[in-house]
Amino acid sequence: MEHKSKYPVSHVVGFLFSLILTFVAVFVALKMNVSYTIVMWIIGSLAIIQAGLQLFMFMHVTEGEDGKTNVINMAYAVFVAIVIVAGSIWVLTSGHAAH
Amino acid sequence: MGIKWNEMLVGGDPLLVGSQIAIVLTVVAIVVGLTYFKKWGWLWREWLTTVDHKKIGIMYILSGVLMFFRGGMDGLLMKAQTARPEMSFLDAQHYNEIFTTHGVIMILFMAMPFLIGLMNVVVPLQIGARDVAFPQLNALSFWLFFSGAMLFNISFVVGGSPDAGWTSYFPLAGKEFSPGIGNNYYAIALQIAGLGTLMTGINFIVTILKMRAPGMTLMKMPMFTWTTLITSIIIVAAFPIFTVALALMTFDRLYGTHFFTLSSGGSDMLWANLFWLWGHPEVYIVILPAFGIFSEVIATFSRKTLYGYTSMVISIVGIAFLSMIVWVHHFYTMDAGPAVNSFFSITTMLIAVPTGVKIFNWLFTMRKGRIQFTTAMLWALAFVPNFVIGGVTGVMLAMAAADFQYHNTLFLVAHFHYVLIPGVVFAVFAGLYYWWPKMFGFMLNEKLGKYHFWLFTIGFNVTFMPMFFLGLKGAVRRAYTYSAESGFAPLFLVSAIGSIILAIGFAVFCYNIYWSFRYAKRNVSHDPWDARTLEWMTASPVQFYNFAVVPEVKQLDAFWHMKKRGETLTLKESDIKKIHMPSNSGLPFYMAVVFGITGFFLVFEAHIAAAVAAIGIVVGLIIRSFDYNDGYYVSVDEIKQTERTWRNVEGGTENHVG
């Protein structure tokens with residue numbers, strides 16, 4: 001990503017965004033007057049966004065000779081996980097199966 | 001609960017007693033034979049401790065042949081029982097056990113080892129590597145598979161076979177309805193074998209991504225290597241699901257949990273769901289390498305580059321993707337509602353698209369090619385129409401509304417046999433006839449091969465074609481008999497006769513192995529088929545280090561173009577450098593033994609004994625982590641000597657093709 005410039009732009013940007021995301025989560029959890037479920041959904045989403053951010057900004061998944069493989073690998077893992085978990089829930093809770 | 005030793009051997013039935021006697025005699029014969037010919041040391045050094053991918057591949061293939069025999073016997077027994085209405089050759093319980101073991105053995109212990117065996121032998125050679133990425137792990141894969149297979153196979157004489165179908169659906173497979181230990185075998189033996197398969201998947205992904213010869217980009221890989229890569233990725237995605245499902249099943253059966261039971265909040269359909277989340281990708285795990293084999297065989301014997309290479313690769317990836325999202329088509333009748341069933345109908349029918357692309361690619365590869373009708377090519381030719389019958393009936397079954405009629409009938413059974421036998425078994429035979437000289441340095445007899453081919457293909461069609469019509473008339477699967485009034489009798493009889501022809505075909509194959517081993521000419525060239533990929537560049541049988549100098553790849557079908565440029569046999573002795581090779585290890589074999597013993601005790605629910613035996617597994621892991629053996633070097637002189645032996649005989653070889 002930022003091999004040429006000496007100043008670690010991506011690290012600083014990543015750090016700032018991480019701080020923002022964390023404080024937003026804290027704010028949502030402590031100050032916003034909404035139901036527990038909504039809070040969980042919001043901070044869960046923020047956590048996933050932050051995990052993704054850190055993978056790219058700090059952990060350099062796209063760099064090196066295996067960069068592409070890493071990204072494909074993670075995307076595939078996410079796909080498989082969603083299929084197994086969300087798929088099973090969908091199948092087993094709809095239609096006659098649920099009753 | 002301890003083992004009831006006096007009830008351990010299943011007795012009573014003359015068929016079973018006969019089998020027990022035969023097993024004991026065979027074991028005695030093997031032990032006496034090995035001792036008499038003083039072969040114990042040879043067996044240990046050359047085979048049991050080997051980490052050579054070619055030898056491991058050969059052991060996989062041998063296991064596949066053995067298991068084909070076992071699964072085939074099960075099939076014949078079923079066909080004998082249903083040949084006439086209301087036969088009393090097998091009782092209902094025995095029939096249940098036999099269709100269960102037939103299914104499990106044919107998929108997991110016949111198709112899988114045959115294909116993984118061919119992958120082991122061929123893939124490192126095709127990519128110009130010296131071995132797989134983790135040779136000792138590869139040996140462990142094989143031995144765990146073998147341990148699981150043997151544990152499963154003894155079930156019918158020791159303690160009783162699993163009898164809940166190869167799908168082992170709950171609640172039937174639970175302790176409530178199957179109180180015997182038979183279904184413990186299913187849960188535990190498949191777990192052990194599955195571990196081996198998972199390791200194979202990881203091993204081949206790393207091997208193919210990391211160990212290709214210089215210049216071989218992904219899009220210059222031979223098609224069989226491509227299919228192996230994608231298969232390995234599906235293995236790594238799908239097998240853990242089975243591992244978890246089997247573990248939950250084990251807890252349910254052994255420790256009284258309620259994951260899949262009807263009572264206490266369990267969900268029986270969760271088992272079906274998890275089973276097919278693995279089970280459907282599993283079908284593609286066995287079919288994709290088979291597609292790769294056909295691609296190699298058709299390209300070689302049509303004398304043409306594979307037509308539509310890029311579209312072939314895209315199709316494989318597409319099939320792999322779709323394979324993960326079609327599993328509900330195995331249980332439409334659970335009726336998860338119109339939304340779910342429609343979604344899975346559409347994804348299932350979509351699979352016909354990439355598969356159709358591949359079929360047309362093979363046809364266009366043959367178009368205007370100079371086709372040679374070798375035995376390997378005959379299998380590939382017969383595959384196309386037979387597999388299309390399986391595929392088209394698959395699209396019929398894909399329609400959820402129609403499936404409510406077909407479900408659980410012999411129509412379905414005929415469909416999947418039309419997919420798996422032409423798709424996998426024909427491919428395995430094609431691959432064996434094709435790569436046999438590479439593995440053993442002699443060819444299988446072509447004439448016997450053609451008898452094998454015709455008997456097997458005709459027998460296959462006579463056996464399974466009537467089952468489509470029986471199914472449409474309403475004959476259900478897994479029923480041990482039927483009444484004379486049903487009118488099923490004539491077609492069942494035809495099917496039974498077909499199975500005998502099929503069995504004779506397989507017998508001819510076994511005889512062919514024996515005949516060729518004894519009498520076939522040993523001076524075959526390293527490239528008897530005038531083939532296209534790198535495995536044919538090196539000696540037959542392949543030297544243990546595979547390539548004296550790793551080849552440089554410039555394009556697809558690298559070896560073919562090297563031959564055109566006249567580069568293949570020019571080896572400058574100055575290019576030879578010492579080669580680093582992995583050392584043999586007895587640890588994988590040891591692990592198989594302790595896993596087998598632990599599994600056996602678990603099957604019999606002897607928990608303390610199993611815990612003690614499991615210490616052996618931990619000990620093996622500890623020994624492995626203190627293993628500092630980094631392998632050894634093959635000296636330049638030894639390589640020169642080996643290379644001279646086969647490169648000199650080059651002049652005196654003959655091509656068997658034509």
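**Close-up views of the predicted model**

**View 1. The end of helix 15 of chain B.** Helices here are DSSP runs (H or I, at least four residues), numbered from the N terminus. Helix 15 covers residues 446–473 of chain B; its 28 residues should span 40 Å at 1.5 Å a residue, and the end C-alpha atoms sit 41 Å apart, which agrees. The expected span is 1.5 Å times one less than the number of residues.

This is a predicted model, so to speak of local features takes pLDDT of at least 70 and side-chain atom pairs count only at pLDDT 80 or more, while totals for chains, interfaces and linings use all residues. Residues are numbered from 1 along each chain as its sequence is written, and chains are lettered from A and ligands numbered from 1 in the order in which they are written.

**View 2. Two domains of chain B.** An automatic or database assignment sets the bounds: domain 1 is 1–38, and domain 2 is 39–585 + 629–652. Twelve residues from domain 1 of chain B and nine from domain 2 of chain B make the contact (C-beta atoms, placed from the backbone, within 7 Å). The C-alpha centres of these two domains of chain B are 29 Å apart.

**View 3. Where chain A meets chain B.** Chain A puts twelve residues into this contact and chain B puts in 17.

**View 4. Around B:Ala430.** Leaving out residues up to four places away in sequence, B:Ala430 touches B:Ile293, B:Phe294, B:Val297, B:Ala376, B:Trp379 and B:Ala380.

Terms used: Helix = DSSP H or I, 4+ residues; strand = E, 2+ residues; numbered from the N terminus.
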